[in-house]
Every structure is written in C-alpha cells, then in structure tokens.
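Take a moment with the sequence and the fold shown here. Then follow the text from the whole chain down to a single residue.

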Amino acid sequence: MSDNVLSNPPILVADQVTRRFGGLVAVNKVDFTIPERSIVSLIGPNGAGKTTFFNVLLGVIDPTDGSVEFMDRRMIARPERLAVESLLWVLPALLTGLLAFALAEAGILSGRLLAVVGFLVLLLLIGMLLLAIIRPVWYQTRLARVGIFRSARPNDMVEAGVGRTFQNIRLFKNMTAVENVLAGMHSKLHGNLVSAMFNSRGMRVEEAAAERRADELLTLVGLRGKGNEAARNLPYGDQRRLEIARALASDPKLLLLDEPAAGMNPKETQDLVALISRLRNDLGLTILLIEHDMKLVMGISDRITVLDHGEKIAEGTPEEVRKDPRVIEAYLGAPAA
Amino acid sequence: MSVVTDLSPKAAGGGRMTGLRLTASRHRSWSIVLGIAVVGAILPVLAYLPPFSLAQPANAWIDGYTNAGVFVLLALGLNLVVGVAGLLDLGYAAFFAIGAYTYAYVASPFGNSVLGINLVESLGTEVGGLVFWPMLLVGALVAATFGILLGAPTLRLRGDYLAIVTLGFGEIVPIVFLNSDQLTNGTNGIGGLLRPSLPIIGSFSAINPWPYYITMLVLVSFVMIMCYRLVESRLGRAWEAIREDELAAAANGINTVTVKLLAFALGASTAGIAGVFNASKLVTVSPDQFTFIVSFTVLSMVVLGGMGNFWGVAVGAFVIYTINNVLLKTLNQFFDQTGFPILKDIDFIQLQFLLYGLALVAMMLLRPEGLFPNSRRKRELHTAITADEQDSLTTAEGTTEEGQR
C-alpha cells in the first residue's frame, strides 16, 4: 500500500528551501515532496526547524532561498521583478495624467472638463494601488505571466487548496463551533458586500447550503450536536477536532497538521489516528503531519522525514527511519566513543 | 426594551430562543423597523409629559432626539469598525467632517463657487433641497473612499499603533479644513447650506423639528438593517474572525486586507451619512464641529453601550447624548429653582467631563462588556479566567507528556 502511494505524482514540491533568521539557519536547503493521497510526516527534536519549514510552505514567512510548487504552480519563492510591478501601479495614472496635461496645454481640455479628467486620474491611481494591496488571484496570475512574482500569502495558499491547523490551538474562541467552520469556508463562498446588503436570494441559498455543509463537517470529526457551543467551552480534544473541521471547510487537497495530538490522552490520540486515516481514504486528502508522538507517526505515515538543526537527515518508511543511526543520534545523542 | 436589546445574532443558540425572539431573528429587518417605529413614537409622547415637558418645550426635545440620532448613526458605524472588526479607530470624527463638507460643497453658494458650479442659485432653496437625498449616498461614498485611504497604510498595524495613526488622521482632517482658507473658508466654515426638501412638504425648517426627526428615524433604521445584514453575512464572520485572531483568519482563507479595508470603508460611510445630515440640519459646517472630543464621545458611546451589539450601542449613544445635553442643563435649572443647599452652587455642565470620566471608570470596573453586551463579548470577558486556567492546564499536560517520552 505505502509503496504504491509514494509513487503517486507529487502534489507539493519544496525545492532547496532555506530560511535564515539573522545568523541562525533555521531551515537549510530542504528538498521535500508530498505524493498525492499520501500521509507523510515531518519529525525532529525540538528546535529542528519543523514549524519554520511548515510556515514557509504556508506563506506565513518568506523563504530566504528556494521555492515551493503546489499542484504544478509555483507558489512560494524569492520575489522577482518587483520594481516592474511598482511601476505598474503608477504608470497608467502617470501616462493619462501627462496626456491630460498635454491636451490642456494644447488648449483642447480646459475648465471643468480638465478638473473631471484630473479627478479620474486620481481615481485610477488609487484603484491601481488598491489592486496592488489586495492582490486578487487573477491579478497575481496575470502578473506571473509576464514574469513578475511574489510569494503567495496564507490566504492564497488556502484558496489554492492547502488547509492547516496550529500547534497551539488557534480557534476563534468566542465564536460557536458552527461559526468557526463557516469562517473556514470563507474562500469557498461568494457572498459579497452588495449581496449581503440586499440580502439577495442567491446569498441566502448559499448560506443555507454552507450551514448544512458545516454540520456535515462537524459530524465527520465527531462534533455532532455541538455546533452551537462556543469554541472556548469545548473540551480540549474537541477543540483540536474543531480546528481540523475548520481547515477542512475550505475543501483543501492538502492538509497540514501541526502537532495534532499534542496534549491528547491515548484514547483521544487513537480517535485522531482513525480520523486522519479516514480523511485520506474517504476524502482523498493528502496529509502532512508534524508530530512528536512517535507511536502515532510510526503507525500512520507512508513516509517520514527527519529534520535536525534545519537539515534533512533522513527520509524513508517508518522502519527505515527507526533504524537510521543518524536519527537515533539526533534524538538520543551520539554513543560514547 | 429588554426584548429589543437582545436581538444580537444567534444570541441564545437556535434551540433556546423563545417565540418572540425567534420571530425577531427570522424577520430581522421588519423587527428593526418596528422597534424603531415604536421607540420613535414613544419618545415624542414623553416630551409632552410632565417631568420632561417641564425641562424644555416639546419641540426642543424632538430637536434634541434628532441630534442624538446623529450620534446614534456615528456609534453604529464605529461599532462596525471597533466592535465587530476590532480595529480601534480614534479619528472617527474625520469621516463625519468629510461627509459634512461634501454636502457643504454641493449645497452652499460658497462651496459652489469653489467647485465652479451654481447649483444653489439656479435651482433655488425649494428644488435645490432635493439634492440632499442623493447627497446622502454621495457623502457615504466619499467618506468610504477616505476610509479606504486611511485603511490602506494602517493594514499592518494593530491595537495601540493603529489607534495612534487613526488619531493622527482625525487631527489632520479638521486642521486641513481649518487652514486651507480659500477652499474651505477657514475658521468661519461654510454657511448658508440648503435645507433638505421634499416634493409635498417643501423645504425643512428650523422651527418644525418633525421632518428632520422622521428622516433621522428612517436613516437609523436603514443603517441598523444594513449593519445586521453585514454582520450576519460571510463578511461579518470574517470581521469577527480577524478580531479574534488575525493569523488564524488568514490561514483559513480570509483575505485580511480586503476585509479590513471594507470595515474601514463601511464605518466611514455611516459617518459620512451622519455628516451630510448634520450639515443640512445645522446649515453650516466649520472645523470646530469635528474635534477629537467627537471621536472620543462616539467611542465611549460604543464602549458603554456594549461593543458589538448594535441595539446596545444605539441606546448607549442616545443615553449619553441626552445626559450630556439635556440632563445636566436640567439639573442646573432644577437646583437653582429649588434652592437646594450645596447643589445649587454647582454648575453641572462644567462638571460634564468629570462625570463622564467617573462613569467610564465605574463602567469598566463593574461591567466591562457594556450596558447591553453582545453575547460573544460577554463570553470573552466573563469566561476569560476559566479559559486562562484551561490554557495553563493544557500546557502543563503537554510538557509532562513530552517529558515522559
């Protein structure tokens, strides 16, 4: 089973990812691929750079070097031709402004018309700047076509199909469980300012469907009937599960779980293992796991990658990694000479 | 009143809602219209009844209600920014000013001469007053544009830093209006604005407060309905999410940039509407109407009323305005007339800010969530301790388990 999953085409490819913090190299030239529909794990002692690597994959922090491709699209790398982009913000307004100025000098434009044109130029400038700040997906792809590139932000990664959970639970604590899941569904819904203001029929239909879907997701992770409970009032294990439901709400292809079993008791961990297997087998998700619980990791992973001091020191099936002397050394220290 | 104030979204969770509240949440817009119509009908009646009618004539009361309505609008708008999206804005009066000046440029002889049009002269007061209605929308749009312009550079800022920048913006705007003499007539401001008019009623007048009062009721209902619709939509959830945890919101596909800009824009547009209305009522705009005190007053209305709950905020604004502008004056009169020993020598209006400050301190200590809190906010402030305990427990658990391995 595991061999055949690992030969699937990769869904995510990280190439020579490096991240420095001042003099400290947190992640050093890590190559990493995740085959489709696989469960791969990233382990390593504390401070090995797992979470930093994870954050780079998700666009939370920029890499110092290297790139990440997701579903054959380059998502994260060092920025390219940013100067050209900043020209793009001002150039249209500048050109039209100059044109208007020339026309005014020639006596074609004058008085109120000139004022109106000036106003339009100002609006154009503001509009372009806003576009550059908001960076909708179509704008990014358009720019990528002419070779202007900037790393995707976390919300772009979600839109592309990557969901995540956090090492220390970061739910929207004062919102109910259902509202948390609905917030996670944000990128899949289309309601906008106008449809909300007019309470349009389309939006109401969409909202009703979204609430049904949220209930389904809650049932899937085992939180059926707890939808109206405030997230902060849920027991710890349930909060972990709710976070997974929230991440699933954006219909991800790849789910990144950052220490999902931290602080769980053995029973809860067992349930989690069952849930993760179901996500892969029933929903066809690909899963990347960062975990300290070795029993969980060894039992569930198709492949394990070990990081230490920011470098990849081993990679392979659970059995291979278990026997690897460098891994044993990293965890237990070098044998006395 | 208690029925009306508890309309916050999904307050008690589907199952536990009683009949009346369930109906209210299903037909939200109608219940808002009904609620405001009832309140709007009771208030004038009160003005004619003894304790109130002794203080000042009924028309003065109704005029006062209308002015309070301006602050209700402001508080509703600021609640969207501060209460819902969690972006602390200390310069909110700037948008109020921008709305007011927008109207002044279109509806005054001076403003028209600056713009190079002559709308006021060519149309006259009666027909020209009709321009008020589209100007409500224009004022909102202009203010929203400035809201976005303010929002864009502050996107990376949070909490205190954001507050300082907005405070700066709130100072800049009135000062610009004060100092660009040729464009804004400086300290004197722009006077002679057109009063609104309607086909049958004709021009509104200073003597008859009713047309303004009813217009204000309509505006408040409209803004309130819009606020509720927005907060219960996808956008509202995104605002709540970024208020709770911005990083988690971004990691769940929410474009925090767009969402924050929209919060600023919508909050500002409400202030723009209030500004247009206020300008048309005072018939003059000048920079000293938009000082920091206005921003601060509106913010304390939001906090005292109950951040995040639109009805609570509206009531808070109304109560504070009435206390500030009617009650203190009445207390002075009352103690003067009765000749009460020490109290008759106290000028309560001078003590306004002392009382204000005391009220704020007492409120923050005794009931930090405000008079009519939003269910979520109440949860946040009253379960804070247990949640912290829970956090420390879980971290302790985590460490011991890791230690065992």
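**From domains to one residue**

The centres of domain 2 of chain A and domain 3 of chain A, taken over C-alpha atoms, are separated by 40 Å. Domain bounds come from an automatic or database domain assignment. For chain A it gives domain 1 (1-77 + 152-161 + 253-337), domain 2 (82-145) and domain 3 (175-251).

This is a predicted model: local features need pLDDT of at least 70, side-chain atom pairs count only at pLDDT 80 or more, and totals for chains, interfaces and linings use all residues. Residues are numbered from 1 along each chain as its sequence is written, while chains are lettered from A and ligands numbered from 1 in the order in which they are written.

Start with chain A as a whole. Its C-alpha atoms fill a box of roughly 90 × 55 × 35 Å, taken along the principal axes. The chain has 14 helices and 10 strands. Both are DSSP runs, numbered from the N terminus: helices are H or I with at least four residues, strands are E with at least two. Of the 337 residues in chain A, 39% are buried. A residue is buried if 20 or more other C-beta atoms lie within 10 Å of its own, exposed if 12 or fewer, and partly exposed in between, with C-beta atoms placed from the backbone.

Now find the sheet. Which order do the 4 strands take in the open sheet of chain A? The order is S2-S1-S4-S5, with antiparallel pairing. Strand S2 (24-35) and strand S5 (73-76) of chain A stand at the edges with a single partner strand each, so one side of each has no neighbour in the sheet. Two strands pair if DSSP finds at least two bridges between them. Strand S1 (residues 10-21) and strand S4 (residues 65-70) of chain A are joined by 5 bridges. In S4(A), A:Phe70 is the bridge partner of A:Leu12.

Next, look at two helices. Helix H3 (residues 82-105) of chain A packs against H4(A) at an angle of about 170°, and their axes are 8 Å apart. Axes are lines fitted to C-alpha atoms, for helices over the stretch in contact, and angles run from 0 to 180 degrees between N-to-C directions. The two helices are therefore roughly antiparallel. That word applies over 145 degrees; under 35 counts as roughly parallel, 65 to 115 as roughly perpendicular and the rest as oblique. Residues in this contact include A:Trp89 of H3(A) and A:Leu114 of H4(A). Two residues are in contact if their C-beta atoms, placed from the backbone, lie within 7 Å. By class, the helix contact has 14 nonpolar, 3 polar and no charged residues. Ala, Val, Leu, Ile, Met, Phe, Trp, Tyr, Cys and Pro count as nonpolar, Asp, Glu, Lys and Arg as charged, and the others, Gly among them, as polar.

Turn to where the chains meet. The contact takes 39 residues from chain A and 38 residues from chain B. Helix H4 (111-134) of chain A is among the elements that give two or more residues to the chain A side. That side has 19 nonpolar, 11 polar and 9 charged residues.

End on one residue. B:Glu244 is found in helix H13 (residues 234-244) of chain B. Is B:Glu244 buried or exposed? B:Glu244 is buried, because 21 other C-beta atoms lie within 10 Å. Leaving aside neighbours within four places in sequence, B:Glu244 is in contact with A:Phe172, A:Lys173, A:Asn174 and A:Met175.
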